[in-house]
Amino acid sequence: MSAAQPTMTSTTALDVASIRRDFPILEQRINGKPLVYLDNAASSQRPRAVIDAIRSYYETDHANVHRGVHTLSQRATDAYEGARDIVRNFINAGDTREIIFVRGTTEAINLVAQSYARPRLGPGDEILISALEHHANIVPWQLVCEHTGAALKVIPIDRHGEIQYEAFERLIGPRTKLLALAHVSNALGTIVPVDKFIARARELGVPVLLDGAQAVPHGPVDVRALDCDFYCFSAHKMCGPTGIGVLYGRRELLEEMPPWQGGGDMILTVSFEKTTYNQLPWKFEAGTPHISGAVGLAAAIRYLQSIGMERIARYERELLAYATERLQEVPGLKIIGTAAQKAAVISFTLEGIHPHDIGTILDTEGVAIRTGHHCAMPVMDFFQVPATARASLAFYNTFEEIDRLIAALERARSLLS
Ligand code: 7TS
């Protein structure tokens, strides 16, 4: 039986038709069919407000920051530092000095690995992660462990793709020097119930890093309510530019951490005998930063806030429920990742068809999904699949687009199975 599309009134009155008009890229045809963009976990699309903010910055305000008395440099500095405050407010951090601009989630985690973990770790110490992490929350810790002799411990997941809490309780202990977890899994969609993990880590005095790359774009995030020590995310997954992201860090910890890259902007004084470092947050921002990226990120946040993160979360939950139900009607389709709480990411396999072939056929129908290991090879190993097909949704997707996905999958089945 086919699932009924929710009516407009049940979708919290998100005016998706109007929202879609804000995204020029969505208006095009791909292979002769209207584009259905379902690869938002890899990167989302940008609304005109973001594109215009970046263009306007370059047309009227660009110069280098922090170093000019001239008007343009002051404007650029105001735009860059103003963006920092918009980010602070967005994630409810207490202090703009706790907001470090980086290239993205990957760089944020590497910064913490090299500057926080590496000087503190030695043989006998442990870093604790889970089995559902993106490679960005695995490999930086492996590098640190190689350098320091510390060990990487991994909390297993269950067949639904949930982190096993009992195993976590057994693994965390006096040797644990840091707990680093995804807030939301990119490969499975699992929303990790981070509160209870953080509460236990707090009891034991273990600092916590959250990889929020897949969480921030899809609902409200409050780093103080979470009570985490570090939180990382990327602008390009939340309608902002590529090449910029954020590391939030608790100020006491950031103050203690040494710079991880040296150069201009991160210093107060330089001589060949001794160099002194700048204050937070600039201590961690060596060189000319991605100024237009910060401008674009601020515009993306303002745009998301104009819709409302709660409304986005609610609408995406309805889309997810509908997509899950419809996908289950496709013969031979198996959803990988069935956690009780999920974000709008659906990984699946289709019996007898390689995920790459599914992706290729779907593209001929104008439907963009991702296929592969999603930079989460241990997750693929756990579920004993070489790859999955993954549809990942955003607030500008529609119920009709889910229907297009299903129709394209039916076509793939009729051609290939
Ligand atoms: N952490 C998670 C949970 C992610 O989903 C990603 C990117 C990253 C870290 C790395 O972010 P970056 O902006 O530094 O690259 N995830 C994906 C994905 O699922 N498909 O392509 C990139």
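## Ground rules

This is a predicted model, where local features need pLDDT of at least 70, side-chain atom pairs count only at pLDDT 80 or more, and totals for chains, interfaces and linings use all residues. Residues are numbered from 1 along each chain as its sequence is written, and side-chain values use heavy atoms, leaving out hydrogens and water.

## Helix 12 on helix 14

Helix 12 (residues 355-364) and helix 14 (residues 399-416) have axes that come within 9 Å and cross at roughly 120° (helices are DSSP runs of H or I, at least four residues, numbered from the N terminus; axes are lines fitted to C-alpha atoms over the stretch in contact, with angles from 0 to 180 degrees between N-to-C directions).

On the helix 12 side, Asp357, Ile358, Ile361 and Leu362 do the touching (heavy atoms within 4.5 Å). Their partners in helix 14 include Leu405, Ala408 and Leu409.

## Helix 4 on helix 5

Here the angle is about 25° for helix 4 (residues 105-120) and helix 5 (residues 139-148), with axes 9 Å apart. The two helices are therefore roughly parallel, and their crossing is right-handed. Among the residues that meet are Ile109, Val112 and Ala113 from helix 4, and Trp141, Leu143 and Val144 from helix 5.

Methods
Parallel < 35°, antiparallel > 145°, perpendicular 65-115°, else oblique. Left-handed = near helix turned anticlockwise from the far one by under 90°.
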